[in-house]
Structure formats: structure tokens, C-alpha cells
Amino acid sequence: MYDYDLLVVGSANADLVVGVERRPGAGETVLGGDLAVHPGGKGANQAVAAARLGARTALLARVGDDGHGRLLRDSLRSAGVDTTAVLTGGAPTGVALITVDPSGDNSIVVSPGANARLTEGDVEPGVLGAARVVSAQLEIPLETVAAVVRALPEGTRFVLNPSPPRPLPTEVLAACDPLVVNEHEARVLLDDADAGDDPADWARRLLALGPRSVVVTLGAKGALVCDASGVRAVPSVAVAAVDTTGAGDAFTAALAWRLGAGEELPVAAAYAARVGAAAVTRRGAQESYPTAAEVAALDA
């Protein structure tokens, strides 16, 4: 019997968000709107998104002993995330500087802070063994993600969103089921600036690198799923996007949870696409994440 449906191992940041009419170019200054501070970080985002949907969720992360760290703990607890494995100290809480334009597109710069101090020694096998699925990202050291993979118990599923993207060791790729990427991440992992414009080709080439399955997210166009049986398209639903911040994290969290519940990859990805669509209809990351009832209403 598992204590958690999903254990997220990853980052916890304070998101400092400014709306802009357009994002600045090199050497350019633009005026923005009022600064808003939100709880974020890809790890914390995934944990909150899954908990909002009803998953029994825990987070293994590190925050600073500061106001931003307290903000994150409060947000996690209020969403129902188990914070027993959220560690404190080593550096200030990580911060993400985010600009959002009128179309809802965003640009993000991350100062890792305490996230960079989440080390291999913080990976407790007992915590990993308590979860049906473990999800990770790359806003923490890659060495820590590799330690998670090495410590995974038999039968525990591993989901990875390699963001920000970087080359992955063979042992990490081999554990991914699935590897979840957007267009930018796919191109980086393929190490091919001329990778073409066919996401299905990206998915097949990524699968050839060693993961057990691959999901390529396509924003409003849904996603592609790829495993040994081939590539299949997964539709999304049409919504009016307000802010795309954290939508990919909501998608990955929902996907990981539904896979752990026994759904097939295309079915879980279709549900995750609806969760991601619901998330972009509200501003912010964690505060934009829907409940299961809200996702069901989106389908109606």
C-alpha cells in the first residue's frame, strides 16, 4: 500500500511576476505593471496541481529560512501537499523572475537558491518507496535526479520533465516513463538545431534515445504520445489563454497521477491536456490550477 499517489522531487521558488506590453530586447528597458509574488517552482507547482486534482501528494524539495520559504510551505499545505520532506536551509529560497505579455506568453529567469542545495544525500529511499509514481524536473541538480533514479524501488514509475533542458545520462533516460518535453526541450535533447518541424519525428527520435515512453506537449494543439506501439495525437480543448505560467507543470502532474492510477498513456495525456488548458485561463501558476470538478466542467 502506497502512502502517496505522487511524490514530486524538485524545485520550490517564489515567482516574481510583472505584466508587460512586450518583452524587452537586449539592452532595452520597458515599463511593466505592478509586481506580484506567487508561490512557484516546477516541483512545488506539480505537487500543488496534483493535490488540487485529488492525488495524495508529497514534495521533496529545499527552501530557505525566509519569507519566500514560508510562503511556499503555506501554499503547499493549503493545497493538501505533505511537506514532511520539504527541507530548510543552505541558501535563500529560489526565485523566478517572470514577464508575461498580453497574449499570455511568458519569459522566465530562475535563481535556483536553495534548490541547488538539494543533494544526493537528501534523497531518502524510504520516501521514494512510499509513492506509486515519482516525478522530477531539472531545476534541481542533475546529480540529485540521477540519485533518485538509482534509488527507485521496483515497480515505482518515474516521470521526468527535463526543464530547463540539458543532455541526460543514459541511466536517467532509461528510467523515464514518460519523458515529457515541449518543443524547445525536444530540440535541445535532440541536439539538433535543424530538427525540422514535425513533432512526431521528434517523439520517435527521443524514444530512440532510451526512455520507455515520450510525451511532446504542443500547447493549444494538445500533445503527442510515443512508445513502442507508435505515435498518437492527443487533442486539447479550446480556451482563451490568460497566462501560460505553470501550465506545463499542471500537465505533467496530472499525467503522472493518472498513469499511477492505471490509465494508459494516451488516456492520461488527454486528461492532462484538459488540466493544462484549464490552468491557462487564470493568472499565476499554483493559484491557477483546477480541481477535478473544474476539469470535468471544462469538458462539458
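Reader: Which strands does α2 lie across, and at what angle does α2 run to β3?
Author: α2 lies across β2 (13-19), β3 and β6, and runs at about 60 degrees to β3. Helices (H or I, at least four residues) and strands (E, at least two) are DSSP runs, numbered from the N terminus. Axes are lines fitted to C-alpha atoms, for helices over the stretch in contact, and angles run from 0 to 180 degrees between N-to-C directions.

Reader: Before we go on, what kind of model is this?
Author: A predicted one: local features need pLDDT of at least 70 and side-chain atom pairs count only at pLDDT 80 or more, while totals for chains, interfaces and linings use all residues. Residues are numbered from 1 along each chain as its sequence is written, and side-chain values use heavy atoms, with hydrogens and water left out.

Reader: Ok, back to that sheet. What's the strand order?
Author: It's an open sheet of four strands in the order β3-β2-β6-β7, with mixed pairing. Strands pair if DSSP finds at least two bridges between them. β3 (36-40) and β7 (106-111) are at the edges with a single partner strand each, so one side of each has no neighbour in the sheet. On average, neighbouring strands here are turned by 25 degrees against each other, direction ignored.

Reader: And how do β6 and β7 pair?
Author: In the antiparallel sense, over six bridges, with β6 covering residues 94-100. If you want a spot to look at, A96 stands opposite V110 in β7.

Reader: What's the order in the nine-stranded sheet?
Author: That open sheet runs β5-β4-β1-β8-β9-β10-β11-β12-β13, again with mixed pairing. Its edge strands are β5 (86-88) and β13, each pairing on one side only. The twist averages 20 degrees from one strand to the next.

Reader: Parallel or antiparallel for β1 and β4?
Author: Parallel: four bridges join β1 (residues 4-9) to β4 (residues 57-63). V9 has L60 as its bridge partner in β4.

Reader: How about β12 and β13?
Author: Those two, residues 223-227 and 230-234, pair in the antiparallel sense over five bridges. A hairpin of two residues joins β12 to β13, and L224 stands opposite A233 in β13.

Reader: Which helices pack on this sheet?
Author: α8 (residues 247-260) lies across β1, β8 (131-137), β9 (157-161), β10 (176-181), β11 (214-217) and β12, at about 160 degrees to β10. α9 (residues 265-279) packs on the sheet too, touching β10, β11, β12 and β13, and its direction makes about 160 degrees with that of β12.

Reader: Now helix on helix. How do α1 and α2 pack?
Author: α1 (residues 42-53) and α2 (residues 67-79) pack at an angle of about 20 degrees, with axes 9 Å apart. That makes α1 roughly parallel to α2; angles under 35 degrees count as roughly parallel, over 145 as roughly antiparallel, 65 to 115 as roughly perpendicular and the rest as oblique.

Reader: Which residues meet there?
Author: A44, A47, V48, A51 and R52 in α1 meet L72, S75, L76 and A79 in α2. By class, the contact has seven nonpolar, one polar and one charged residue. Contact here means heavy atoms within 4.5 Å. Ala, Val, Leu, Ile, Met, Phe, Trp, Tyr, Cys and Pro count as nonpolar, Asp, Glu, Lys and Arg as charged, and the others, Gly among them, as polar.

Reader: What about α1 with α8, at what angle do the axes cross?
Author: They cross at roughly 55 degrees and come within 8 Å. α1 and α8 are therefore oblique to each other. K42, N45, Q46, A49, A50 and L53 in α1 meet D249, A250, T252, A253, A254 and W257 in α8. That contact has seven nonpolar, three polar and two charged residues.

Reader: What is T252 in contact with?
Author: Leaving aside neighbours within four places in sequence, Q46, S135, V159, N161 and V180.

Reader: Last one: how do α6 and α7 pack?
Author: α6 (residues 183-190) and α7 (residues 199-207) pack at about 45 degrees with axes 10 Å apart. That makes α6 oblique to α7. E183, A186, R187, L189 and L190 of α6 make the contact with W202, R205 and L206 of α7.
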